[in-house]
Amino acid sequence: MKKFLLYLVCAGLVAFFAITLYLGKNPKVSDEYRAFYIDHTVKKWKNPGH
Amino acid sequence: MSNKKLIANILIIFLITRGIFAAVYFIYCAVCNDNSGFEAVFGRWDTEHYSDIIENGYHYTNKSNGQANWAFFPLFPLACRGVRMISGGNLSPFWCGIIVSNVCLVIAAFFAVKLIRDRGIVKGERGVLFTGLSKNGSLLAWFLMLGPFTVYFSAVYTESLFVLLLVLFFYAAQKELFPLAGMFAALAGATRSVGVLLIIPLIMAMYSSYRKEKGSGNIFCFVGNVFARPARLFSLLLVPVGLFCYMLYLYFFLGDAFGFIHVQVAWRNEDFLPVIGVLKHYLFSTGEIHYTISAWICIAAFVLYVWMFVKGLRREAVWGIISLLLPLTSHIMSTPRFISGSFVVWMGMYLLIKSMKSHGAQVFFTILLYAGGVITIAMWYAQAHLIM
């Protein structure tokens with residue numbers, strides 16, 4: 001029983017990592033954020049009223 | 001030496017080294033005519049960011065260079081917030097950070113000495129150096145409190161907490177308490193991103209335990225063994241939890257789970273080939289002498305880690321190498337701090353000095369290390385670039 005529960009927790013952790021990585025692959029950010037921090041197409045950060 | 005005696009030894013070393021910090025501070029103030037006070041002089045560099053997180057939490061930045069405080073991982077500021085709560089909000093973020101760092105340093109020194117005793121590294125100490133407060137592994141405590149670049153372990157920086165978690169991780173791994181080691185690694189991952197790489201020394205520790213148990217080192221059988229023992233699998237899966245919790249927080253806060261990586265562009269925007277390109281550029285660069293010195297310190301650290309590997313400190317050596325390779329993927333900046341904060345470099349220095357045949361050489365190199373420590377404390381006060 002203890003072994004089964006541990007496997008279940010392990011599966012839960014793997015699911016947690018997978019979901020977080022998926023969210024990381026699909027950021028929900030403003031155009032300004034994307035241009036400065038992710039794409040590096042602008043060189044100055046303009047806080048777009050976040 | 002009993003635990004009580006060791007605690008007493010470490011507290012004495014701590015007080016002596018704090019006295020040295022104070023002496024250097026007063027000399028610096030007198031020589032440089034700096035009357036700005038201890039908080040201003042000791043609260044250098046990123047202290048401002050950590051104090052900001054302790055006080056205001058994570059928030060967006062108005063700085064045009066984009067340097068935002070979510071680049072800094074949350075466990076250290078959280079611990080400082082805890083101290084602040086206990087003080088009823090009376091302590092400033094700076095003093096909360098100082099308390100957390102120094103308490104972590106003392107505990108780290110205690111377990112570090114216990115770790116090298118357990119690893120059997122202290123056997124064969126001989127010579128005048130290994131007497132009094134430096135005997136039976138206690139020299140390592142001196143290195144942690146007075147070695148070059150260990151000034152960070154006393155400041156409002158994550159280094160001291162990170163070192164404590166590393167020491168506890170290696171101690172638990174040595175005792176084959178793998179779930180505990182996984183937990184310390186997870187906490188290290190919530191302190192600095194590189195902590196997640198502790199999964200590699202953890203696998204190595206498990207492999208070493210497997211070989212001892214089964215008398216064979218077949219990798220495929222080892223992998224099967226890990227999957228057949230859910231406690232070991234769970235220990236490994238614990239390691240990334242700290243980092244992933246912070247990533248999830250960043251997703252809800254910023255909309256970008258990798259925000260801690262993306263924000264690095266605000267600090268480092270040079271485009272070098274990772275590691276080799278970075279080292280090649282700075283080793284022979286004449287324009288930025290502090291970066292050139294940092295690059296040579298990296299080379300010396302790599303040599304030491306290879307030597308440690310040969311001498312049998314395998315998981316520690318591998319940790320030292322990977323924890324240095326990661327920052328070298330982008331820039332040379334802060335690498336002496338990262339080397340010092342990898343903890344294992346001090347185990348290597350201890351072993352190296354212990355292995356010297358000449359007692360005079362042992363004393364000479366130890367004095368050299370302490371001198372380096374005092375110089376870096378002075379450089380910290382004077383805001384010298386090499387310390388960055």
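This is a chat about how the parts of a predicted two-chain model touch each other.

Student: Okay, chains A and B. How many residues of each are in contact?

Tutor: On chain A there are 27, and they are in contact with 34 residues of chain B. Keep in mind that the model is predicted.

Student: And what area is buried between chain A and chain B?

Tutor: About 2,600 Å², with carbon and sulfur atoms giving 74% of that. On chain A's side, A:Phe17, A:Tyr37 and A:Trp45 supply 21% of the area the chain buries against chain B, more than any other three residues.

Student: Got it. Which helices of chain A supply residues to the side that touches chain B?

Tutor: Helix H1, residues 2-25, and helix H2, residues 31-38, each supply at least two residues there. H1 of chain A gives the most, with 14 residues.

Student: What kinds of residues make up that side of chain A?

Tutor: They divide into 17 nonpolar, 6 polar and 4 charged.

Student: With charged ones there, how many salt bridges are counted between chain A and chain B?

Tutor: The count is 0. Polar contacts do turn up, though: 7 residue pairs across the interface of chains A and B, both partners at pLDDT 80 or more.

Student: Switching topic. What domains does chain B have?

Tutor: The domain assignment gives domain 1 as 1-160 plus 373-379, domain 2 as 176-256 and domain 3 as 270-355.

Student: How far apart are domain 2 and domain 3 of chain B?

Tutor: Their C-alpha centres lie 24 Å apart. The two domains do touch: 10 residues of domain 2 are in contact with 8 residues of domain 3. About 840 Å² is buried between them, and carbon and sulfur atoms give 81% of it.

Student: Last one: which residues of helix H14 in chain B are buried?

Tutor: In H14, residues 276-283, they are B:Gly277, B:Val278, B:Leu279, B:Tyr282 and B:Leu283. These buried residues pack against helix H15 of chain B, residues 289-310.

Key
Residues numbered from 1 in each chain as written. Chains lettered and ligands numbered in written order. Predicted model: local features only at pLDDT ≥ 70, side-chain atom pairs only at ≥ 80, totals over all residues. Heavy atoms only, no water. Contact = heavy atoms within 4.5 Å. Buried area = accessible area lost by both parts, 1.4 Å probe. Salt bridge = Lys/Arg side-chain N within 4 Å of Asp/Glu carboxyl O. Polar contact = N/O pair within 3.5 Å; in protein donor to acceptor, adjacent residues only side chain to side chain. Helix = DSSP H or I, 4+ residues; strand = E, 2+ residues; numbered from the N terminus. Nonpolar A, V, L, I, M, F, W, Y, C, P; charged D, E, K, R; others polar. Buried < 20%, exposed > 50% of the residue type's maximum accessible area, 1.4 Å probe, protein only. Domains from an automatic or database assignment.
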